Amino acid sequence: MNEKKGKLYLCATPIGNLDDITLRVLDTLKEADLIAAEDTRHSIKLLNHFDIKTPMTSYHEYNKVEKAVYLVEQMKQGVMVALITDAGTPGISDPGEELVKQCYEAGVEVTSLPGPAACITALTLSGLGTRRFCFEAFLPSDKKEKQWILNELKNETRTIILYEAPHRLVKTLEELYEALGERRITVCRELTKRYETAFRTTFTQALSTYRNEDPKGECVIVVEGKSFDEIRMEQTKAFEELSIEDHMTRYESQGMDKKEAMRMVAKDRGISKREVYQYLLNREI
């Protein structure tokens with residue numbers, strides 16, 4: 001390792017299986033001057049397992065702003081800080097985001113050491129589309145904010161990834177089902193651990209299962225996005241509820257001439273331009 005002073009290292013730690021830690025992260029944790037950990041009581045087990053003696057300090061949701069100020073000042077004085085979360089990659093759905101932001105504002109160099117992330121592990125395990133995806137982490141507890149996000153997700157065409165605690169899994173599945181309708185989903189639990197499961201199912205089947213058995217371990221819910229065919233069908237249905245005259249008026253009011261408006265109406269409704277023309281001609285007669 002070359003430069004190691006006055007810098008923040010984001011160190012990904014195992015989400016379950018300790019063998020998933022990288023050699024680079026182990027070297028960095030050993031060579032750092034200070035490790036900032038989300039929960040020092042939890043992280044000490046990891047450090048003891050790998051015989052790492054580097055001092056730790058707490059950095060969590062409830063002290064993230066003021067503690068970040070302190071850590072940034074330490075790094076400006078040349079201290080090498082390694083940031084770790086309870087599990088996975090710092091900055092992903094945890095307070096590390098604030099420390100990174102303050103580092104950039106203060107001109108402190110930041111680097112990220114790749115490694116485990118539950119969202120990516122679950123996505124690749126899900127059997128659902130992986131080319132395009134969005135990550136929502138935990139749905140907010142505020143009801144209005146949660147409803148706003150659920151409404152936004154209704155027409156999301158990308159695969160959706162969410163985190164949830166086991167005791168809230170059924171409630172969250174119910175809310176997702178009510179907002180999104182029936183979808184294919186995969187519920188991943190105990191990722192990388194001995195009892196890892198990837199339950200490929202649907203909302204209704206998952207609810208039937210988990211209402212009768214308590215899920216164990218932290219959960220990642222992967223939901224298929226809304227298909228383009230379904231969106232096109234909904235749009236066509238909405239257009240069909242308009243009369244052709246009103247449909248024409250919508251486009252003509254946007255400045256289109258009659259010929260272009262007829263072309264757009266025909267495209268929206270899945271019919272030929274001649275059919276539109278004939279309909280309007282018959283109305284005039």
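**Aspartate 51**

I looked up aspartate 51 and found it exposed, at a relative accessible area of 52%; exposed means over 50%, buried under 20%, and partly exposed in between, with a 1.4 Å probe and protein chains only. The model is predicted, so I note that local features need pLDDT of at least 70, that side-chain atom pairs count only at pLDDT 80 or more, and that totals for chains, interfaces and linings use all residues. Residues are numbered from 1 along each chain as its sequence is written, and side-chain values use heavy atoms, with hydrogens and water left out.

I placed aspartate 51 in the loop between helix H2 (40-49) and strand S3 (56-58); helices (H or I, at least four residues) and strands (E, at least two) are DSSP runs numbered from the N terminus. Its phi is positive, about 55°, although aspartate 51 is not a glycine.

**Alanine 137**

I then checked alanine 137, another non-glycine residue with a positive phi, near 55°. Alanine 137 lies in strand S6 (residues 133-137) and is buried, with a relative accessible area of 12%.

**Threonine 85**

I located threonine 85 in the loop between strand S4 (80-84) and helix H4 (96-106). It counts as buried because its relative accessibility is 5%. I recorded a polar contact of 2.6 Å between the side chains of threonine 85 and glutamate 38; the term covers a pair of N or O atoms within 3.5 Å, where within protein one must be able to donate a hydrogen and the other to accept it, and residues adjacent in sequence count only if both atoms are side-chain atoms. Setting aside residues up to four places away in sequence, threonine 85 touches Thr13, Glu38, Ser43, Pro90 and Asp94, contact meaning heavy atoms within 4.5 Å.

**Lysine 76**

I found lysine 76 in helix H3 (residues 64-76). Beyond its neighbours within four places in sequence, lysine 76 is in contact with Ala106 and Val108.

**Helices H7 and H8**

I examined the packing of helix H7 (residues 169-180) on helix H8 (residues 203-210): the angle is about 155° and the axes are 10 Å apart, the axes being lines fitted to C-alpha atoms over the stretch in contact, with angles from 0 to 180 degrees between N-to-C directions. H7 is therefore roughly antiparallel to H8; under 35 degrees counts as roughly parallel, over 145 as roughly antiparallel, 65 to 115 as roughly perpendicular and the rest as oblique. I noted that the residues making the contact include Leu173 and Tyr177 of H7 and Phe203 and Leu207 of H8.
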